[in-house]
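Subject: Structure handover

Hello,

Here is the structure I said I would pass on. My notes follow below it.

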Amino acid sequence: MSDETATAGKPALGIGMVGYAFMGAAHSQGWRTAPRVYDLPLRPAMAAVCGRDPAKVAAAADQLGWAAAETDWRALITRDDVQLVDVCTPGDSHAEIAIAALEAGKHVLCEKPLANSVAEAEAMVAAARRARERGQLAMVGFNYRRVPALSYARKLVADGRLGALRHVRLTYLQDWLMDPEFPLAWRLQREHAGSGALGDLGAHIVDLAQYLAGERVAGVSAHTETFVKERPLPASAAGLSGAAGAGRGRVTVDDAAVFSGRMAGGALASFEVSRMAAGRKNAMSVELNGELGSLSFDLERLNELQFHDHADDPAISGFRRVLVTEPEHPYLEGWWPPGHGLGYEHTFVHQARDLITAIAEGEQPAPSFEDGLQVQRVLAAVEESAEKNSVYTAVDQHPTP
Ligand SMILES: NC(=O)c1ccc[n+]([C@@H]2O[C@H](COP(=O)([O-])OP(=O)(O)OC[C@H]3O[C@@H](n4cnc5c(N)ncnc54)[C@H](O)[C@@H]3O)[C@@H](O)[C@H]2O)c1
């Protein structure tokens with residue numbers, strides 16, 4: 001890989017990534033591009049990628065830009081040229097890999113949801129705290145915080161432009177499970193995924209709600225549903241696609257979840273996630289209503305933020321469309337002239353930039369493993385409430401595991 005970047009000549013930060021499919025490709029894009037867009041204090045060196053199939057991981061290394069390939073993550077995390085381990089595997093291996101990597105003296109970036117259970121997430125937080133004392137840092141990959149419009153929305157809330165929040169309303173809808181013959185991929189198996197739409201999509205919007213509001217979800221009342229209870233066993237499956245094989249198996253996670261609750265500051269919160277919302281591909285929407293105004297965001301128009309200031313003259317008041325592409329908007333200083341929009345992939349570039357900068361400065365990056373644990377506790381409360389006929393269930397707010 002040529003190194004004609006602003007970051008060239010800076011000390012290297014060797015990256016080792018586990019998993020090279022959907023998120024592996026997205027994270028590779030982030031590591032490759034960040035030093036070409038931003039002047040970073042450390043130069044990310046894509047040292048090695050790990051997968052279990054030797055031929056496939058070698059091909060992935062070549063395609064995605066990694067210098068070497070490994071077939072055992074235990075070998076990857078002890079390499080001398082790896083200082084940061086990037087975990088892009090399904091949730092069932094997050095805790096084991098992340099804890100081992102932290103104990104091997106590496107920084108860790110771990111995909112969301114942080115883990116498959118609260119107990120695993122607590123063990124990860126404990127490992128991250130021990131590592132922090134030795135100078136290694138851990139971050140969880142809630143990349144949507146790094147959509148410039150959502151980063152800017154957080155700033156507007158923090159600056160008091162909405163006043164006290166009254167409503168926090170988020171939905172995240174997909175439809176890739178509409179076909180009842182879609183195979184029983186790992187995302188549909190509790191032992192691999194922890195939960196279904198809840199842990200996958202719900203984790204994102206719970207994190208966003210807490211990030212944007214600057215406060216935690218205090219408690220929830222929930223419904224979950226598995227509409228298609230049995231599916232063909234997979235012949236092959238990757239990401240959100242796959243082919244059916246012989247035999248059938250039971251779906252052990254939810255297809256959809258609906259929950260409402262309260263934020264710690266008193267706002268009412270509502271959440272809806274589904275993999276069966278026909279026609280919705282990756283539709284995430286956010287609306288916040290406060291005593292002074294509102295914000296609204298739609299991931300399918302991710303360069304735009306809708307802002308309503310309730311102090312405006314009523315005759316001309318309404319939502320104004322803010323095109324979040326000005327140089328003063330978050331992350332935009334490295335990109336294109338105003339109006340030349342960004343997309344999904346840029347969130348991974350921003351994630352790489354922020355983590356590299358935090359490591360260089362020795363500062364805890366956000367979202368931390370503690371933030372990931374807090375989300376996990378909300379997900380656990382949702383499942384508990386749904387099992388108990390939607391009874392209001394407080395979220396454990398205990399600060400330390
Ligand atoms: N941030 C986001 O927007 C986002 C989007 C999709 C998925 N994710 C998360 O990313 C993670 C991975 O999801 P994905 O969509 O990339 O899945 P995927 O099925 O596309 O890829 C998983 C990869 O992990 C590899 N793998 C599994 N176990 C392994 C092991 N023991 N050793 C080495 N490699 C192993 C697989 O071979 C594959 O390369 C999940 O936690 C998921 O929730 C996040």
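Domain bounds here come from an automatic or database domain assignment. With those bounds, domain 1 (12-143) and domain 2 (147-356 + 368-387) each give at least three residues to the shell around the ligand.

Two points on reading the model. It is predicted, so local features need pLDDT of at least 70 and side-chain atom pairs count only at pLDDT 80 or more, while totals for chains, interfaces and linings use all residues. Residues are numbered from 1 along each chain as its sequence is written.

The sheet: helices (H or I, at least four residues) and strands (E, at least two) are DSSP runs, numbered from the N terminus. Two strands pair if DSSP finds at least two bridges between them. Six strands make an open, parallel sheet, ordered S3-S2-S1-S4-S5-S6. Strand S3 (68-70) and strand S6 (138-141) are at the edges with a single partner strand each, so one side of each has no neighbour in the sheet. Strand S5 (residues 107-111) is joined to S6 by four bridges; Cys-110 has Val-140 in S6 as its bridge partner.

The ligand has 23 residues around it, and the closest are Gly-19, Ala-21, Phe-22, Met-23 and Glu-111. Helix H1 (residues 22-37) contributes the most to this shell, with three residues.

Regards

Key:
Near = placed C-beta within 6 Å.
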